[in-house]
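Here are a few notes to read alongside the model.

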Amino acid sequence: MSATLSRGSLQPGQQKLAEKFTILNDRGIGMLTRIYNIKKACGDPKAKPSYLIDKNLESAVKFIVRKFPAVETRNNNTVNFDLTKNYLDLVVTYTNLMMLLSRIEERKAIIGLYNYAHEMTHGSSDREYPRLGQMIVDYENPLKKMMEEFVPHGKSLSDALLSLQMVYPRRNLSADQWRNAQLLSLISAPSTMLNPAQSDTMPCEYLSLDAMEKWIVFGFILCHGVLNSDQAALSLWKLALQSSTCLCLFRDEVFHIHKAAEDLFINIRGYNKRVNDIKECKEQALSHAGLMHRERRKFLRSALKELATVLSDQPGLLGPKALFVFMALSFARDEIIWLLRHADNIQKKSTDDFIDKHIAELIFYMEELRAHVRKYGPVMQRYYVQYLSGFDAVVLNELVQNLSVCPEDESIIMSSFVNTMTSLSVKQVEDGDVFDFRGMRLDWFRLQAYTSVSKASLGIADHRELGKMMNTIIFHTKMVDSLVEMLVETSDLSIFCFYSRAFEKMFQQCLELPSQSRHSISFPLLCTHFMSCTHELCPEERHHIGDRSLSLCNMFLDEMAKQARNLITDICTEQCTLSDQLLPKHCAKTISQAVNKKSKKQMGKKGEPEREKPGVESMRKNRLLVTNLDKLHTALSELCFSINYVPNMVIWEHTFTPREYLTSHLEIRFTKSIVGMTMYNQATQEIAKPSELLTSVRAYMTVLQSIENYVQIDITRVFNNVLLQQTQHLDSHGEPTITSLYTNWYLETLLRQVSNGHIAYFPAMKAFVNLPTENELTFNAEEYSDISEMRSLSELLGPYGMKFLSESLMWHISSQVAELKKLVVDNVEILTQMRTSFDKPEHMASLFKKLSSVDSVLKRMTIIGVILSFRSLAQEALRDVLSCHIPFLVSSVEDFKDHIPRETDMKVAMNVYELSSAAGLPCEIDPALVVALSSQKSENISPEEEYKIACLLMVFVAVSMPTLASNVMSQYSPAIQGHCNNIHCLAKAINQIAAALFTIHKGSIEDRLKEFLALASSSLLKIGQETDKTTTRNRESVYLLLDMIVQESPFLTMDLLESCFPYVLLRNAYHAVYKQSVSSSA
């Protein structure tokens, strides 16, 4: 691609063209960025400058706009590939700049106000103001003005544009032509796979089609005269007009080419033919361009997929086939930008060609190729360093040697090229040396300027081989030191930053289509491009664009994680349903059917249909049968591929880790699901059985563990975080956990019904069982409190949760003890006398009649006994569970507890007991009860008085026991090994309360229990002499309480009991209750 602009020798003003073009193009983009931001700010009511909406300045602004002033403008010229490209870029940048400026409605007001402010501040106008003001006025219609302005440059511009007549049509081919030529295919010709990809016009192969169309459309509008005189120019222009309906001015600002060109040409005499051409091209573009570009995208998807797949398997091919990679990226980028621009500016009724649900796939393969280039950059460097030093340097040296004429300046530059390349070695790549060929490329740019003028001693047009070779060398140098810049040049998609709505819509379409969800990661990856569109001339937009890139990336990753989480939740729901089918409760029907099979056969075929057995869902009649679970797994594996695609991505110095989004969403959902699966209903006080919840949780965990097959996340961390939080009262979000729900349910529902007499504790079954009552309970207590359920509860809550349960139970016990102490205080004098008069039956009888609240004491002690019995079930279950999980640790703790020396300090012993209790081991003194009772602080009561109350409480319970014999419900049942009114729980209550209270008050537990036994036995022996049958109806059942108390106590012995209460009475009592049980059952 070349053009000759100047026919004379370089004038002083034309020197350093390379430097000027480089700087002016960069500054032009910077100015476009500033003008764009001013336009957007003025167009947004929220961001509009305050001085433009200030009512006080309104009249002043109108006056300034009405009187707006004047002055002149300037232009530029150039030559050959870098020279021609930079020249055309500059023309287009200048055109875009003037057009964008003309779109700012408030431009006169802003500039005028600035000048007045300058005058008020500095005492004079800005000296450039007249020129700028005149330019604003002259460029009211920018294209019309520039058409006049470019008349002197018509020849230079048209020559530059006509140099595209070989390049542009070759790039603007249909998908079928690409397919027939097997474009971008590495495997179409296996024998040439290792041959370097070569072209006479290397830089043109990956030149942006979008840029070329802008050059052609704007260029021929500015030098429109050539369209009438040169058929090649007209063909080029018409081809460009047929490809698009609008072009990008800058970012999301577009230019509707057909209407604008028609409006310009319609007023020019003799241009009717051109106007008709424009109308024809517009029709062509509207009817065929959408389809053509859709087919191109379809072809590029398969071509880029093949290219990415081959290069991932054989990254060494990135060396010889680097050109293919950058061509592929450039082609795909052009098609994506075309779609984005036209989808936002549709000019036809049918929109099918502008909706591409597979766009994510194309972007994904682009990102894959970009990743290969970044990852295997050193491979490419090694290849091209050897290429430059071993081949390019030799060929260039020969070409230079064969030059018939070579001026000194050109000779020096050429020699420096050869020397630079010859000095390269692979060791520099291995040592990590930084390469920089920018100087060499700028020298070639300068050389083009020197050799492109017609009177140059060395004319580049006469030495085309040299030009081709140097263009190839320049590409090779870029493969060594400018790979990142090349990726930006060929595949930067930061334009999506300015099409947020379309960007988000594409993302949603991608997630909705299961086959495309694996490519959804391409959208967060695109956010890494956004910062490349910023410019140093407009630093203030960096924060705005940076924030937008962060918020979009965060939103995309969050949505992907949510989608994956929802799929996982659906799979978990299905698996929980399947697990539920295996619960023991569902086998009853199957057993019943098996038992009644014969009778059902005799009944005929009208019997109940046979129920499907669990596992039938796994039986497939053919492979085509796809279940809902299959679809969910497929969708999940596709989406997880995307989440797992990159470990992290850096955007504006922020690092995003897609897997962490999934992990955090799984934690939140798992937490909610566990709590949800308890099915706790506060109104009806219904809750799931612990065993059923455990089954569901295990099914859920099995599914979550399988996620590790799709994504590299530590699911154990999720389990630890969630399940450990569930062992606390509240989770990290302050929400109730299964620990708080079950603790609340067992205390407020199950144990409350025990207190109300609807449920009894059956020691023989180690469970709480419903008693037959008028109002049936909504739940079966046995199904929530038997050994298997308590073990399940321990498995779910763990030691921490069970400790919380114990503490809650102890809080209830401590409140009962507080009430008992009040009752003792009310009867303190009588109890003090009774304590010393147990050997005086008549006096004891008279004192007993004076006691108040006897039934209340026994009832409260029974409640305490019930709570302690429930706790012992929970502790035993915890021990069983921990013995399975950590047998060696539990046995060590048990050994430690069993071998505490008797002389050990109580504080040390309590620490050991606390450890043992946490492991579910029973202790002589319950540490949780000691802590709960010691926290009770009575005001104005001395420790001695507290100790006395504790002693009298035991006296109160002992002397009250005979009254239990008169209760109908106090009958002992051998079948349940207890009493239906739960008085058998008194044994545990008496022992535990005594042990705790006298540990707190540093008394002798053994002595106090001996005293209790003496008082209780003498009181019970007294009812043996009673003749009233009502008073003594369950005398034998109450006698057995003494045996239970001793059996339960680690401090009392049967010998001690024998000394207080004859064993023969106990034996007779057992005989009587067993005999009574047999007769009642008969």
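**Notes on helices and cavities**

1. Helix α18 has 17 residues and spans 24 Å from its first C-alpha to its last, close to the 24 Å expected at 1.5 Å a residue. The expected span is 1.5 Å times one less than the number of residues, and helices are DSSP runs (H or I, at least four residues) numbered from the N terminus. This is a predicted model, where local features need pLDDT of at least 70, side-chain atom pairs count only at pLDDT 80 or more, and totals for chains, interfaces and linings use all residues. Residues are numbered from 1 along each chain as its sequence is written, and side-chain values use heavy atoms, leaving out hydrogens and water.

2. α18 is largely enclosed by the rest of the structure, because 14 of its 17 residues are buried (under 20% relative accessible area, 1.4 Å probe, protein chains only).

3. In α24 (residues 483–491), the buried residues are Leu483, Met486, Leu487, Thr490 and Ser491. They lie on the same side of α24, because they cover an arc of only 100° around the axis, taken from the directions from the helix axis to the C-beta atoms. Their cover includes α17, α18 (359–375), α19 (377–401) and α23 (464–481), with contact meaning heavy atoms within 4.5 Å.

4. Do look at the cavities too: the structure holds 7 of 30 Å³ or more. A cavity is a set of points on a 1 Å grid over the protein atoms alone where a 1.4 Å probe fits but cannot get out, and lining residues have an atom within 4 Å of a point.

5. α16 (272–313) and α17 (322–343) each supply at least two residues of the largest cavity's lining, and α16 gives the most, with 4 residues.

Definitions and conventions:
On a 1 Å grid over the protein atoms alone, a cavity is a set of points where a 1.4 Å probe fits but cannot get out, and a pocket is an open set with protein on both sides within 12 Å along at least five of seven lines; lining residues have an atom within 4 Å of a point. Grid points are joined across faces, edges and corners, and a volume is the space filled by probe spheres set on the points. Buried means under 20% relative accessible area, exposed over 50%, partly exposed in between (1.4 Å probe, protein chains only).
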